[in-house]
Amino acid sequence: MLGSDVVRAAEFVNHEVVGAAHSDLDVTDRAAVERFLFQERPDVVINCAAYTNVDGAEEDLGGAMDVNAEAACFVAAAANEIGAKVVYPSSDYVFDGSKSEPYVESDETRPQSIYAQSKLAGEKETSQANPRHFIARSAWLFGTSGRNFVETMLSLGSEHGEVLVVRDQVGSPTYTAHLADAIVRLVDSEAYGIHHLASQGECSWYEFAQEIFNQAGIDCRVMSCTSDEFGRPAPRPSYSVLGTERPDALYLPHWKEGLASYLAERSVAA
């Protein structure tokens, strides 16, 4: 989902891009990663490969760590060998949700789920393997090239006319096309380190669902519940809005604008 938009955003500003799908490159194979990067010799490697099944990771520690941490080390180290910068997209879930104001880059991480632990491990592996690294933390991603919350809501709303959504998790829904634009701008700099790149504004999943149906013009009853009542396997932070303290910060549009752009892109694709 993010990778497709990164390729498009980079090509739009005339970068020469080689996009490797999973079928082209298994990032958990160190030798394959080295062969691929040594052959292509890029200036920048953007590692959008990820294990993203938050609940599934609770029963698959090895799988999550293999992709999100160990493979991240392979990619970053191989990039370093050829003098390339590396970008590692990460997650707001590395925080525990105990704050009541947006998290900034220097805030203490305290991941609560296996998925979050694997993403934090990937951050550390990337930063240790390549000094020319960008850690791009984002949140609640949705885009037209992959499964996401917006598509799930539109499908359920059209089929059933009502949905049940949690109200006690607050974050910043982020359109992957906006995130991709920011990442491409980031790699043209030398502002190495951690960056928080999420949409402006905040909402709960419940409020997000209401806005989805409002903008899409779908008549759907949105009911709310608590996270405990919803009963998902993996714990999630109750508040994971991302802010920034960086003087060179890049700012993404508001999440409602991202949703409007997503729905417009989706309409054209249809």
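Reader: Is tryptophan 140 buried or exposed?

Author: Buried means under 20% relative accessible area, exposed over 50%, and partly exposed in between (1.4 Å probe, protein chains only). Tryptophan 140 has 8% relative accessibility, so the residue counts as buried. The model is predicted: local features need pLDDT of at least 70, side-chain atom pairs count only at pLDDT 80 or more, and totals for chains, interfaces and linings use all residues. Residues are numbered from 1 along each chain as its sequence is written, and side-chain values use heavy atoms, with hydrogens and water left out.

Reader: What is the phi of tryptophan 140?

Author: Most residues other than glycine have a negative phi. Tryptophan 140 has a positive phi, near 45°, and lies in the loop between strand 3 (133–138) and strand 4 (141–142); helices (H or I, at least four residues) and strands (E, at least two) are DSSP runs, numbered from the N terminus. Arginine 41 also has a positive phi, about 50°, but is exposed at 52% relative accessibility.

Reader: How many salt bridges are there?

Author: Side chains of opposite charge can pair when their charged atoms come close. A salt bridge is a side-chain nitrogen of Lys or Arg within 4 Å of a carboxyl oxygen of Asp or Glu, and the count comes to 12. One of them joins aspartate 55 and arginine 236 at 3.0 Å, N to O. Aspartate 55 lies in the loop between strand 1 and helix 3, and arginine 236 in the loop between helix 8 (227–230) and helix 9 (255–269), so the pair ties together parts 181 residues apart in sequence.
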